[in-house]
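Please look over the sequence and the structure below.

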Amino acid sequence: MRINQIKKSLSNSTFLIPTLLFFFFAVMYPFFSGFNIAFTNWDGISPKGEFIGLNNFINIFHDPDIIRPIRISVEYALLNTFFINLVALILALGVTNAYRGRTIHRMIFFMPTALSSVLAIFIWNYIYGEVLPEIFGISNPIASMSTVIPAATLITVWGGCGVAMVIYIAALSSVPTEMYESAKVDGANAMHRLFKITLPLIMASFTINITINFTSSLSSTGLFLVATGGGPAGSSESMGLYIYNNLFIYNRAGYGQALAYLFLLIVVISGVVLSTIFRKREVEM
Amino acid sequence: MKKKFKLAIVLALGMSLLSACGSSNENPVPEATEAAGTTEAKTITLRWMHHIQEESGKAWIEKSTEEFTKLYPNVEFELTAMNADNYNTMLKTKLAAGDAPDIFDIDLNSNPQFVENGYMAELTGPFLDNLLVVDKSKEGKTYALRTELTLYSIYYNKDAFAKAGIESPPTTWAEFMEACEKLKAAGIIPVASGYKDSWTLNNMIHVAKAPSIGAYHESWTQDLKSRKTSFVDDQVGFKDLLNQITYIYDNSQSDPLGTTWDKAQDLLVSGEAAMIINGSWLPGNIRTKDADANLGTFPYPWSDDASKNRFIIAGEAKNSENASYGGGYGAYAKSPNKDMAVKFIEYLGSVENGKIMQDNRKTLSNAKNLPMDFEPTFDSFAQAQSANEVLSYGAFQMDFGGEYDKVFYDEIINYMLSKSRNADETLKNLDAAFDRVAKK
Amino acid sequence: MTARGNVGKWFMVAAMWLLAIVFIAPFYIAIVTSLKSPAESALSGISLPQVLHFENYVEALKMSSFFLALKNSLIFTIVSVILIVFCSSSAAYIIARNLNKRYYRFWEKIFLAAIMLPFEVIMIPTYKFLYEVDLINTLAGAIMVKVGLSIPFAIFMYIGFIKSIPRELEESAKIDGAGPIRTFWQIVFPLLQTITSSLIALQMMWTWNDFNVSLILLQKDAVKTIPLQQFIFFGQYTSNFNLAFASAIVSMIPIYLFFGIAQKYIVSGLTAGAVKG
């Protein structure tokens, strides 16, 4: 019996071994070796830094420059998550009706997803700088401090709602039509049907979409690095970009690495909180 | 479904075949042809990481590597092209891993740790005497080579000036403002400012700083960083500079912060705008847009005393205390091929390479005794040089570097955008920000 | 359908068309710009080109060593995706079937957290590590990193799906004497067809467009992939948008060809995974 159990555990672990190999190689080892950096005052250029214990982590709490990046990241994450899901839901609701052109529309709404983010940013920067001013006579929205975050959000909503839309389409199609029929018989109008039947029953898809959207938006760095450089005047410097700047521009790699770990904690906690909230509201069929 | 999947795989394979055909013709790495019979010399591969994207620059790289391998047939080059934005990041990452390229370029003033950690090979020898500007450390050592002479000045479209009835470029600040008014009256935008690409704002301020502050206060940059002096205690006329910067901002096309560098150049080429305030790589860029552009350049007229408004370039430190590492091309001191890398740097500083540089990139070479007729825009500068009327800002550091640069330019942008334009408040904010960064 | 219902539907369809136009507009801009000359573009950003400047495409292909990057992208993407599917399906299987054991629950949580790991945290250490083991600037090294980074999400998707597969099939296989490995690959894996196809489609897309890993690990020209080659092409000194867009469109073609074919699977797989949660 015992040998069988051991044999079973062994053969079970063979399932996990290839995965763990890659995972250790790409994630765990670099993750932990990065701690070395966070406990030093390494500048990112010299061969080594001096060990300074928890000083980097302590200094984070005395760093007034960290507040704005956090605010910007949260603002962007909220905006992005809200709009990706709102737009995706609207698109999904639209496209699940029968009308001519809906398959084409579904394809069109999904197309931006296949575009690399670098290209999407490039195209949209061109649109913001050359096309929109030409058509509407406005100034470049992504270069103005008051509109830079919404403008950047538009890019990622455009590029990201395709995936969310498809998930919502699936969830919507799993709602049995009988429920709508009996609701109509009971006198429920479209709004009622939407809020009392549809939305509660597709909660599971909300969990996935909102959790993943929010956590990945929080840590967004590439978008701001490529689209705005954090400008104008730092008005779009997200937390990720602030970390990046410390690591590579300000020559404060130790501090930057410590920031990165702390920020990771915030991201993971948000993810757990969000998925817990939404999981609780999922309705079992 | 199975059929479509097969199709996808076949397509993928088909494309791999196509690319296999294509790649055998691709040879992005120029290789030295080993002269038959050079069996004694071991092949040395020099790894050069750069961030040059324009065709003219790439032509310079190609010719430079070609010429050098003629001199040293056992040398091969391995070129890595990076995007300018990511260049420093990747360079530092590679250094941290011990994987530095043999040849790279870096601003050592912003990154003195490169020298302090012994990464930069020392550059010595008579070749330094061929250069107009040589950066020397306090100990008199040179660690980086400038291949180009940067002329920070105002570049203008001569036709646009003529159209507005401006006979000759302004020589004082009052004349500059007059010229702007004339241009506006003729329906021409005085200055094209492409500040969406934020480095152009930085350079505009360099142009204004060099003759007004750099020429007289060589250590201003370091003193501000070490907090020996402050912005509020303005001994250098920085407040006046602020006013000039905002005047230029107000006399640019609409939405300067939203206009790209490329668009700004378009405005200059078409004559919709008359001036661009930037550095001497501009004419080369403009030529790729319009080979016949009628451009000229004149010194930034910051003062109301015309004799103070001359062309100005870097030079030897006026006060040896202020000697700085400078920046430019350097060789990795810990490379096994260090000696050959240094030889290549020396070659880059030669008159021959200077000529290749000027002919291809249309920028001013740092090598002495080169003909100045390769680009008509620089005629006025050439004249000033022969008349010995070019000033020097010595070892004045243009960039603050690191986080100082960031808070500095952020505050300037805030100032330009603010409605109240309260210069005193900006000076206070700058000091507060610099204090904060200094503590970190 | 009441008259009111018809009007409502009409509005909705019109709204959908409007949205579709907005969504496709950027592609229109990209294509149109790529076929213009710089002078035309300077005049107007949205007009149709007077003359179709196909030479932009020829130039772009020449300048950006496209076919070499294409080859690298193909190898990088296809090998990575195969490995991701192999590893994550088997790992997810063993985790999903053993959630009663702490050891496997632990790994489930770790993988979930890993999905949210921002790349900057491990960027420098990864580079350093790969340099130390001589895998820098090799497709093999980059593939290993990409696979390791992609597995967590794939496992997440698989676990959800596997949970909904009844265990009876595996029980009967065991009774028939099949070992766990055979049970998985011959019985369970085929049942995962839908989710696997869409995972493949999604991962193909994401790996093809990968930027972070390629940026730091594949810099030598010989191993550059398409996104990186694109990025380097668009520096802050880009003075010819038309060329840049032509190059961008060329780099988009492979992925959209693939995408056109695989769209069905992406949709079906995402939906299946989503509903099971």
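Among contacts in chain C between residues at least 6 apart in sequence, what percentage join residues at least 24 apart? In this predicted model, the share is 77%. Contact here means that the C-beta atoms of two residues, placed from the backbone, lie within 7 Å.

The secondary structure of chain C consists of 13 helices, with zero strands. Read from the N terminus, the order of elements is accordingly α-α-α-α-α-α-α-α-α-α-α-α-α.

Next come the overall dimensions. The C-alpha trace of chain C spans about 75 × 70 × 30 Å along its principal axes. Its radius of gyration is 23 Å, whereas a compact globule of 277 residues would have a value near 19 Å. Of the 277 residues in chain C, 54% count as buried.

The division into domains comes from an automatic or database assignment. Domain 1 of chain C covers residues 3-43, and domain 2 of chain C covers residues 64-276. Taken over C-alpha atoms, the centres of these two domains are 32 Å apart. The two domains touch: eight residues from domain 1 of chain C and seven residues from domain 2 of chain C take part in the contact.

On the domain 1 side of this contact in chain C, the elements giving two or more residues are α1 (3-34) and α2 (38-43). The largest share comes from α1(C), which supplies four residues. Sorted by class, the side of domain 1 of chain C that touches domain 2 of chain C has three nonpolar, four polar and one charged residues.

Key
Residues numbered from 1 in each chain as written. Chains lettered and ligands numbered in written order. Predicted model: local features only at pLDDT ≥ 70, side-chain atom pairs only at ≥ 80, totals over all residues. Rg over C-alpha atoms; globule rule 2.2 N^0.38 Å. Buried ≥ 20, exposed ≤ 12 C-beta atoms within 10 Å, placed from the backbone. Nonpolar A, V, L, I, M, F, W, Y, C, P; charged D, E, K, R; others polar.
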